[in-house]
Every structure is written in C-alpha cells, then in structure tokens.
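Morning, everyone. Let me put the model up, and then we go through the fold and its charges.

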Amino acid sequence: EKGYETGEHAPGLKLGGCGAYKAAHHIIKTHAKVWHSYNNTWRSAQQGMVGISLTSGWGEPVDPRSQTDRDAAERYIQFHLGWFANPIYRGDYPEIMKNYIGRKSAQQGLGRSRLPTFSVQEKTYIKGTSDFLGIGHFTTRYVIQKSFPFLQMSSYHTDCDLAELVDPKWPAPGPNWLYSVPWGFRRLLNFIKTQYGNPLIYVTENGVSEKVQCTQLCDEWRIEYLKGYINEILKALNDGVNVKGYTAWSLLDKFEWNKGFSERFGFYHVDFKNRNKPRYPKASVDYYKKIIGANGFPNPKEVMS
C-alpha cells in the first residue's frame, strides 16, 4: 500500500485505489509458484518448509456489544491479515473485501472491481501453499465504523469504511503508531487458529523502537513491552494456538524504511556516526538473554544461581 498506492515507500508509485491490490495479487500468485516449485523439486530430499510472513495489527471493536463496531473490527483484520492469508489458507480473498471493494468500484462507474479476481485454477493452485505462517505483530487499534463518501477518490484506506482509535492510556514508547497493547496479540493468534485451521506459527517480528535515543542504554520500556507480549504468546499457547517460535525485532539498530537510522528497534545500540559502527548492549539484552536461556520467564532464584 505504501509502495504502490501512497508512494511513501519504494518503488514510490501512486496508483490510487488499485496499485496495492494489483501488487498483492502478484505477490500471492508468486508465493504459490515458489511453494509448488519447492514442493515438487526439493522437498523430498531436503524435508524443508516454505511459508509466508505477514504483518498485522489487531482490531478491537470500540463497543463489543455493537454489531456495527464488531463488523468494522472484522473488516480491519480481513483487510490486513485476511487479504493475504485467506487466499493461501481458504482459496480466495475474504468475502468482505470482495463485497466492499466491488460495491465502491461500481459506485465509481468502473466496469469491474478494483480488487483483481483469481480464476478457479488459480484458487486451487494457491490454496494450501504454506507449511507455516510467519506473523509480524507490533500493536493494536480500536475500530469503529466510518463511511467515506463514494465521490471521494477511493483507496485501500477508504475502501473498508472504518476509523482507527487508540486509548490514551496505552504506553507509546516508540513511534506515534506503535502503542504497547499486549492483549491484542493473544486475540490475533486465536483469530488465526480459528480462521485458518490452527496453522504452525512462527512469530517473525515483534518489538518496539524508541522515540528518544537513550544514551544510558536503559530501555526499560522495551523490557516491559517484551514481557507483556511474550506473556500473551504463552497464554495463546495455553489456548491451543500452535506457536512454534518467536523472533524479537531486532538484534541491532538498523536502516528502517523511510525513517533511515533514526528509528531504533535494536537490542544493541549502533553508533552510526562512527566509521566502525561500534555496538553497545542496551539493558534489554540481559533481560532477553535470560528469557531465551530459560525458554520462558525464569524463576529469579534460578537466574541468580
């Protein structure tokens, strides 16, 4: 969406209302081709796995008793995660995407939907092409219904007729989009279990950056974020969700999209101004070492001994 619709990211194309959908359509078909290629040529000898990694927030209805809010939250998750996961696990785009984008395309006077369609053969070819689901997750939003006038230029953002809200009490240690809402992760993982037949899951990205560079390397907010989110993954495991692995984002401060080196997600601080780029451990390094050493939250007495 940022690469092919708003032009915010590379390749910087502004193909309003259709670019993101076309790009995603090609990604999904290409992913399936790679999976089949591996499956037919190398799997028998290597016994490897091919999956896809999708990044998604969680959408929570502002009022869980309101059907309108619940429907809006459902659209949020289907327009984010379902957009890619539904074709791979169920054979086609979510019905809600097809309905909303199709209706808005008709209101614009277009002859067909801006959301491309898969042929019957493509649906069969794509369905089931993932041995595991990688999940990148960082934050949550409250969601309400918001109707956009159809005369307005339609886009991926306006097609789903919703608005995203945050609770001002949520901690926001990182950039303005990244609020710490651990409970949303458990709900997302359970949604995946229910919607897609409890697939094997690897958490491929989860972490937080810092707004202000902490010269003392005392990133206690990252420690709190990790504690909260990893704890919710453990709860999801107890719910029966098939989470196999977890990868924190990220080992080092690095180049972060259009934010360059200014947005630091790393456990290790990197001095980018120094020619040798020296690295210094933040406080979260020691904390995370203990977690991965114990494969969970260690008993403090065990850590001391």
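With 305 residues, a compact globule would have a radius of gyration near 19 Å; this chain has 21 Å, which agrees. That radius is taken over C-alpha atoms, and the globule rule is 2.2 Å times the number of residues to the power 0.38. This is a predicted model: local features need pLDDT of at least 70, side-chain atom pairs count only at pLDDT 80 or more, and totals for chains, interfaces and linings use all residues. Residues are numbered from 1 along each chain as its sequence is written, and side-chain values use heavy atoms, with hydrogens and water left out.

Along the principal axes, the C-alpha trace spans about 70 × 50 × 50 Å. The chain has ten helices and nine strands. Those are DSSP runs, numbered from the N terminus: helices are H or I, at least four residues, and strands are E, at least two.

Next, burial. Of the 305 residues, 47% are buried. Buried means under 20% relative accessible area, exposed over 50%, partly exposed in between, with a 1.4 Å probe and protein chains only. Now contacts, meaning heavy atoms within 4.5 Å. Take those between residues at least 6 apart in sequence: 64% join residues at least 24 apart.

On to charge. How many salt bridges does the structure hold? There are 21. The criterion is a side-chain nitrogen of Lys or Arg within 4 Å of a carboxyl oxygen of Asp or Glu. Side chains of opposite charge can pair when their charged atoms come close.

One of the bridges joins Lys29 and Glu122, at 3.2 Å from N to O. Lys29 sits in helix 1 (residues 19-41) and Glu122 in helix 5 (residues 120-126), so the pair ties together parts 93 residues apart in sequence. Lys29 is partly exposed, at 29% relative accessible area. Glu122 is partly exposed too, at 23%.

Now Lys104 and Asp161. Their closest N and O atoms are 2.6 Å apart. Lys104 is in helix 4 (residues 95-107), and Asp161 is in the loop between helix 6 (156-159) and strand 5 (162-165), so this bridge ties together parts 57 residues apart in sequence. Are these two residues buried or exposed? Both Lys104 and Asp161 are buried.

Lys254 and Glu256 also meet in a salt bridge, 2.2 Å from N to O. Glu256 counts as buried, at 10% relative accessibility.

Last, a network. Salt bridges link Glu210, Asp219, Arg222, Asp253, Arg264 and Lys282.
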